[in-house]
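Please follow this walk through the model shown below. The paragraphs move from one part of the chain to the next.

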Amino acid sequence: MAVNDLGSYVTDVVARNAAEIRAAAEAIARTAEQGGLVRPAGAGHSMAAVLETFFRAGGLAFVRPLWHPSVLPFTGARLATAAERESGLGEAEARRAGITAADTIVVFSNSGTNPFPVEIAEVAAEAGATVVAITSPAAGLAAPRRAARSLIEVADIVIDTAVPPGDATWPPDAPVTAPVSSLATTTVWTMILRELYEIAPDAPRWRSANMPGNDGFNDELVARFAARIPEL
């Protein structure tokens, strides 16, 4: 898929996934009602999407990321690539996390073929949680398959970001730059938050710390969730 117009690209991603975005929002609304947590996960540059979900102005307060220092590029870029391909790391992290059936697991992975994201999805499915995959099946088909299953084979809800294999999109005839996976995942997550507001307008959400009067509001949310989300 050529990506010549970024505006048209993100509009198309949202339109083609309208039903899945709604389903993801409904799953998160159930999680809020049942007292569960949203557990985002990703590795490498998909961690950028995880950061968008956590302790973010306008974002949900009942979010606890699933991650491991080894898969964060800042701790060693090449080591992070190796870590997400390592069998057992994702499973161990997911089992330590204590995932419950009330949780919604949102796995960001461009290809969905490496063990780290797949194993997290598998453990979550085993626990009865709802698994949402935000991924590109086209990129997955072109990527080496390093896990026994792919992410889209495990997930309950698959949101297709339509990121082309290799991620680069420019120039159109021989793309070498301008990756769009982060643009796509941020757009999808933003649309999930919009849909969720229509379903559950009173779900707990953070307010901007850089607007007057919000520190006290956020402090109350920290007090409410800190025991279950120690990263706060």
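Threonine 187 is buried, because its relative accessible area is 19%; buried means under 20% relative accessible area, exposed means over 50%, and partly exposed is in between, with a 1.4 Å probe and protein chains only. The place of threonine 187 is in helix 9. Helices here are DSSP runs of H or I with at least four residues, strands are runs of E with at least two, and both are numbered from the N terminus. Leaving aside neighbours within four places in sequence, threonine 187 is in contact with Val10 and Val14, where contact means heavy atoms within 4.5 Å. Threonine 187 and isoleucine 21 are 166 residues apart in sequence, and their C-alpha atoms are 11 Å apart in space.

The model is predicted: local features need pLDDT of at least 70, side-chain atom pairs count only at pLDDT 80 or more, and totals for chains, interfaces and linings use all residues. Residues are numbered from 1 along each chain as its sequence is written, and side-chain values use heavy atoms, with hydrogens and water left out.

Val14 also belongs to the contact between two helices, made by Val14, Ala15 and Arg16 of helix 1 and Ala18, Glu20 and Ile21 of helix 2. Helix 1 covers residues 6-16 and helix 2 covers residues 18-34; their axes come within 4 Å and cross at roughly 65°. These axes are lines fitted to C-alpha atoms over the stretch in contact, and the angles run from 0 to 180 degrees between N-to-C directions. Helix 1 and helix 2 are therefore roughly perpendicular to each other. On this scale, angles under 35 degrees count as roughly parallel, over 145 as roughly antiparallel, 65 to 115 as roughly perpendicular and the rest as oblique. By class, the contact has 4 nonpolar, no polar and 2 charged residues. Nonpolar here stands for Ala, Val, Leu, Ile, Met, Phe, Trp, Tyr, Cys and Pro, charged for Asp, Glu, Lys and Arg, and polar for the others, Gly among them.

UniProt, in an unreviewed entry, places the feature "domain: SIS" at residues 24-204. UniProt positions are given in the numbering used here, feature names are shortened, and annotations may be inferred rather than shown by experiment. Over residues 24-204 the chain is 42% helix and 10% strand, and the end C-alpha atoms are 17 Å apart.

Next come the aromatic rings. A pair of aromatic rings is described by the distance of the centres and the angle of the planes. Rings of Phe, Tyr and Trp (its six-membered ring) pair if their centres lie within 6.5 Å; planes under 30 degrees apart count as stacked, over 60 as edge-to-face and the rest as tilted. By this rule the count comes to 2 aromatic pairs. The rings of phenylalanine 54 and phenylalanine 55 have centres 6.4 Å apart and planes at 45°, so this pair is tilted. Phenylalanine 55 and tryptophan 206 form an edge-to-face pair, with 4.8 Å from centre to centre and 75° between the planes. That pair links distant parts of the chain, 151 residues apart: phenylalanine 55 is in the loop between helix 3 (47-53) and helix 4 (77-84), and tryptophan 206 is in the loop between helix 9 (181-199) and helix 10 (214-225). Tryptophan 206 is buried at a relative accessible area of 4%, whereas phenylalanine 55 is partly exposed at 48%.

The backbone has some points to look at as well. Most residues other than glycine have a negative phi, and most peptide bonds are trans. Phenylalanine 55 has a positive phi, near 50°. Alanine 178, also not a glycine, has a positive phi of about 60°. Alanine 178 is found in the loop between strand 4 and helix 9 and counts as partly exposed, at 33% relative accessibility. Proline 171 is in the loop between strand 4 (157-160) and helix 9, and the peptide bond from tryptophan 170 to proline 171 is cis, with omega near -5°.

Asparagine 114 lies in the loop between strand 2 (104-108) and helix 6 (115-127). Asparagine 114 is buried, with a relative accessible area of 9%. Not counting residues up to four places away in sequence, asparagine 114 touches Glu84, Arg85, Arg146 and Ala147.
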